[in-house]
Amino acid sequence: MTAAPERRPERPALDIEAIRRDFPILQQQVHGQPLAYLDNAATSQKPAAVIEAVSRYYREDNANIHRAVHTLADRATAAYEGAREKVRRFINAGSSREVVFTRGATEAINLVAASFGQRLREGDEILVSHLEHHANIVPWQQLCERTGATLRVIPMTATGELDLADLDGLINERTRLVSVVHVSNVFGTINPVERIVEAAHAREIPVLLDGAQATPHAPVDVQSLGCDFYVFSGHKMYGPTGIGVLYGREALLETMPPYQTGGDMIRTVSFEGTEFNELPFRFEAGTPNIAGAVGLGAAVDYLEGVGLERIAAREQELLAYGTQALESVEGLSIVGTAPRKAAVLSFVVEDMHPGDMGTILDHQGVAVRTGHHCAMPAMQFLGLPGTTRASLAFYNTFEEVDRLVKALAFAREVLG
Amino acid sequence: MELEAFHQEIILDHKRRPRHFRSLPGATRRVEGNNPLCGDRLTFDIDVRDGRIAAAGFQGEGCALAMASASLMTEAIQGLTVAEARSLFTRVHDLMTGECRGPGGDLGKLEALSGVCGYPARIKCASLAWQALRTALEAPEKREISTELEP
């Protein structure tokens, strides 16, 4: 008897109604209308499993970690380190020594700028892109001011993509680090970061990827990306605020001086000197956000339970539907039209200012973001005061997209 | 409260047809106002002569609330003494912030600005023009203001 060829069982399509019941906050009305939460790129909502995990931690396990010998301390330590292991697996890092908990992606970038940045000298260069969030601009700008290094910028195109035509010129013998965004928070563009990593590594220059908008939407594998640093925030991937991750290649982290100093990051302290702890604890001074890490671990469990592939497929359907629906709105132009995108729809409408649109949409129960999206350089490049941005998550529905379109028509009526 | 910030016909009228929407090359004061959160950029020219506002105008781009408020302000301050304009600033500021008393006071057309009081995220839009006025009167050496910096 020959065995049938092995086939992965096909997972059924997502039951969106059931998924929406996992998110308590979605079951409410705003201005008398059911909430349509389309601001997921700013922060995502939290499933009950995450809320419960944080609550359970405080109700049952709370203690300080890595110190006391009592039972609760053991449980808290196990919960915190268990979360680290979940995150390691989630991004396929080689070792949990490479997973440093931070307050978020912003702090992770600041950590690298403060620590790795100490090796920068006058004349060195840091390369970022025109698509960056302020969090991936300002720490490098400050570092350049301190060291006399120069900030160089990969240009962008009118479609919200990176212009890599001169990449080989921008990455040169003076470049010390390349730090670029994986998925644009303004346009949803999925950048060809593999190509950037390859070009930088050809000159042995490390690469940091800002993955804040990537981890919620599709599987991320830091080893196959080949990056040296990868940063992301818990709250954008259905976890709590105030917790995030710096992934760093172990060999590189080993060469980096501490970021903040204090308890937990030391091995021995005397008044003559201090011996620092091993990775990753060396970069986690003080009592960390234990509950946040536990909540992030629960978010990872939740995402894996639903399935990142299914989430990505669902969001691509929403993106295709939303793109078509918005294109039918008179006077509307979608800003950011890359062929590879996450489910982010930034747009402008003739004679309607984003700020006014945001207020009127809110009155229809539709929550969107308006303004510069913490990416003023990209807005300046496009000559826009801002955009309106609908950023979709897998729990959003086609009906919610329809309500956005209807609310835009209403805004036209009010402002027209 | 159903969209009071916009439903005042006066707001929409001034947004569609802003008054005094021009630069005044000879004006004694020019203040560039910037509200980066919303993306409003308006330049105000205020001509103060012999303690009186002889003329006022503005230019630039902004949302309905910023444009309407700027239009209403440039209209309201024409011919006022500096002391009167200061007092008007205080009264309009109180109208847009604080207790949200709603329209019905004695500020005439400017009562329409009371609607923004219920929209904390939008007050900066409507107050941009008035902060520019205050700067022109109190700190004529200042050329720029931003809603993200303490004046």
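1. A residue counts as buried when its relative accessible area is under 20%. The structure discussed here is a predicted model. In it, Pro36(B) has a relative accessible area of 16% and is therefore buried.

2. Pro36(B) lies in the loop that joins strand S1 (29-35) to strand S2 (40-49) of chain B. Apart from neighbours within four places in sequence, Pro36(B) is in contact with residues of chain A, His372(A) and Met376(A), and with Ser146(B), Thr147(B) and Glu148(B). Between Pro36(B) and Ile46(B) there are 22 Å in space, C-alpha to C-alpha, for a separation of 10 residues in sequence.

3. Chain A contains an open sheet of 7 strands with mixed pairing, in the order S4-S10-S9-S8-S7-S5-S6. Its edges are formed by strand S4 (99-102) and strand S6 (150-154); each has a single partner strand, so one side of each is left without a neighbour in the sheet. On average, neighbouring strands of this sheet are turned by 20° against each other, direction ignored.

4. The pairing of S4(A) with strand S10 (residues 244-248) of chain A is antiparallel and runs over 4 bridges. Thr102(A) has Gly244(A) in S10(A) as its bridge partner.

5. The largest pocket has a volume of about 470 Å³. Its lining comprises 24 residues, of which Gly358(A), Thr359(A), Thr370(A), Ala121(B) and Arg122(B) are the closest to the centre. Two or more residues each come from helix H12 (354-363), strand S15 (366-367) and strand S16 (369-371) of chain A, and from helix H5 (123-138) of chain B. H12(A) gives the most, with 5 residues. By type, the lining divides into 10 nonpolar, 10 polar and 4 charged residues.

Technical notes:
Residues numbered from 1 in each chain as written. Chains lettered and ligands numbered in written order. Predicted model: local features only at pLDDT ≥ 70, side-chain atom pairs only at ≥ 80, totals over all residues. Heavy atoms only, no water. Pairing = 2+ DSSP bridges. Axes fitted to C-alpha atoms, helices over the stretch in contact; angles between N-to-C directions. Buried < 20%, exposed > 50% of the residue type's maximum accessible area, 1.4 Å probe, protein only. Contact = heavy atoms within 4.5 Å. 1 Å grid on protein atoms, 1.4 Å probe; cavity = no way out; pocket = protein on both sides within 12 Å on 5 of 7 lines; lining within 4 Å. Points joined across faces, edges and corners; volume = space filled by probe spheres on them. Nonpolar A, V, L, I, M, F, W, Y, C, P; charged D, E, K, R; others polar.
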